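Here are my notes on this model, set down as numbered points. Have the structure open while you read.

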Amino acid sequence: MKKLANYIVLLSIAVASLSCGSEASLQKYYIDSQDNKNFLSVDVPASIITLKDDVEPEVKEAYKSLKKMNVLAFTKNDENAAEYAIEKEKVKKILKNSKFVELFRMKDKGRSVVVKYEGDDSSMDEVIVYASDKEQGFALVRILGDKMTPEKIMKLGKSIKDVDDNNIGIKQLEGFFKNKS
């Protein structure tokens, strides 16, 4: 009987510790938000982006480390302004988690961009880009890949001008977002 009581106590402790770790996660936020009419959710393969032929080898290497992007965007309007404020706070709370390391932050004229990553300096598991605009809403982008490093991602970000201007995939994606807003 004493062994049974010990097992029950251990089981209770295990269940309690699991429920304490139920803080909001980015993955859960994406899943929970997909069916909300105010959100647009799309998975984008990295292959949709093509680089110019004369791009630096380091930029090509950074590009090759990308696999896909999960985009979640909240388009703000007069009817959903209160929900926008709630959702924005949820995202900020999730991104305050110490597992996310900040790469950079920028604010300008009601717009802000925060780039964070999960992992370590030698191998990032994912890069998170959070961009918000007081008038238009916010976008949350998870960039997934292999052997991504902060240096590679920063170099790729600075070289965004090296994306092919005639990129059909990007033009289709831009059209998709314009049609949804």
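Predicted model: local features only at pLDDT ≥ 70, side-chain atom pairs only at ≥ 80, totals over all residues.

1. Residues are numbered from 1 along each chain as its sequence is written, and side-chain values use heavy atoms, with hydrogens and water left out.

2. Start with the largest nonpolar core, which has 22 residues. A core here is a set of buried Ala, Val, Leu, Ile, Met, Phe, Trp, Tyr and Cys residues joined through side-chain atoms within 4.5 Å; buried means under 20% relative accessible area, exposed over 50%, and partly exposed in between (1.4 Å probe, protein chains only). Leu66, Val127, Ile143 and Met148 touch the most other members. At least two residues each come from β1 (39-45), α3 (57-64), β2 (66-75), β4 (111-120), β5 (123-133), β6 (137-148) and α5 (150-158). Helices (H or I, at least four residues) and strands (E, at least two) are DSSP runs, numbered from the N terminus.

3. There is also a second, separate core of 15 residues, with Tyr29, Val91, Leu95 and Tyr130 among them.

4. Now the second largest pocket, at about 300 Å³. A pocket is an open set of points on a 1 Å grid over the protein atoms alone, where a 1.4 Å probe fits, with protein on both sides within 12 Å along at least five of seven lines; lining residues have an atom within 4 Å of a point. The volume is the space filled by probe spheres set on the points, which are joined across faces, edges and corners. Of its 18 lining residues, Lys92, Arg105, Ser112, Val114 and Tyr130 lie nearest the centre. Two or more lining residues come from each of α4 (81-95), β3 (100-108), β4 and β5.

5. Have a look at Gly119 in strand β4. Gly119 counts as partly exposed because its relative accessibility is 32%. Setting aside residues up to four places away in sequence, Gly119 touches Lys99, Val101, Met124 and Asp125 (contact means heavy atoms within 4.5 Å).

6. Thr149 sits in the loop between β6 and α5 and is buried, at 13% relative accessibility.

7. Finally, two backbone checks. Lys109, in the loop between β3 and β4, has a positive phi of about 50° although it is not a glycine. Lys147, in strand β6, has a positive phi near 55°.
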